[in-house]
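This report looks at strand pairing and at one helix, in that order. The sequence and the model are shown below.

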Amino acid sequence: MTSLFQWLPMARPITCWDFLLAMTTRALLSKAARNLYRNKPELVIIVNKLLTRLYKPFLDEIDLTYTQYITMMVLWEHKEILVKDMGDKLFLDSGTLTPVLNGLEKKGYAARRRSESDKRDVYAVITDKGMKLRDKAVNIPEKVGSCFPLEPEKAIQLYQLLHEMMEKL
């Protein structure tokens, strides 16, 4: 089966399918979506767990958890970002994001710094070691995509539906 990633309309090769699915599954658990899926809430949760499980062997190779991985994806794209904005992009609150950033700092992949103009603002910054990790991680979306059991046409349709749903939530 051909990898679905060559068929998906993506702006950036590293920040697409897996990032969209992670954000969408988190968004689907929001209050508005719970009403929509009140008869089958377990489906969304199960798909989220299955997707995370699909990533695990590839992420084990680079010693990252799934949440650390999607956090690194944001850092690879932005290089430096307000922690609050990162949380918004990932649908993570500060209570979840802080330990993730602590772990990435311990590994030397990220650092945090306070804004010069407003000490309340904290930025997450990617390190040189974190940028080098991207070279090891760049093929993970394609590897996961090759395990994804959808024909390219259905994958495109799913991508479009998830994107549409995410915009409306």
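Strand β1 (residues 80-82) pairs with strand β3 (residues 122-126) in the antiparallel sense, over three bridges, and within this predicted model the bridge partner of Leu-82 in β3 is Tyr-123. Strand β2 (residues 110-114) also pairs with β3 in the antiparallel sense, in this case over five bridges, with Ala-110 standing opposite Ile-126 in β3. The two pairings are set out in the table.

| Strand pair | Sense | Bridges |
|---|---|---|
| β1 (residues 80-82) and β3 (residues 122-126) | antiparallel | three bridges |
| β2 (residues 110-114) and β3 | antiparallel | five bridges |

Helix α4 comprises the 13 residues 66-78, which at 1.5 Å a residue should span 18 Å, and the distance of 19 Å between its end C-alpha atoms agrees with that expectation. Lys-79, which follows α4, has a positive phi, near 70°.

How far is α4 enclosed by the rest of the structure? Because eleven of its 13 residues are buried, α4 is largely enclosed by the rest of the structure. Among the buried residues of α4 are Tyr-66, Tyr-69, Ile-70, Met-72, Met-73 and Trp-76.

Thr-71 lies in helix α4 and is buried, with a relative accessible area of 0%, a value that falls under the 20% cut-off for a buried residue. Leaving aside residues up to four places away in sequence, Thr-71 touches Met-86, Leu-90, Leu-97, Val-100, Leu-101 and Leu-104.

Conventions: Residues numbered from 1 in each chain as written. Predicted model: local features only at pLDDT ≥ 70, side-chain atom pairs only at ≥ 80, totals over all residues. Heavy atoms only, no water. Helix = DSSP H or I, 4+ residues; strand = E, 2+ residues; numbered from the N terminus. Expected span 1.5 Å × (residues − 1). Buried < 20%, exposed > 50% of the residue type's maximum accessible area, 1.4 Å probe, protein only. Contact = heavy atoms within 4.5 Å. Pairing = 2+ DSSP bridges.
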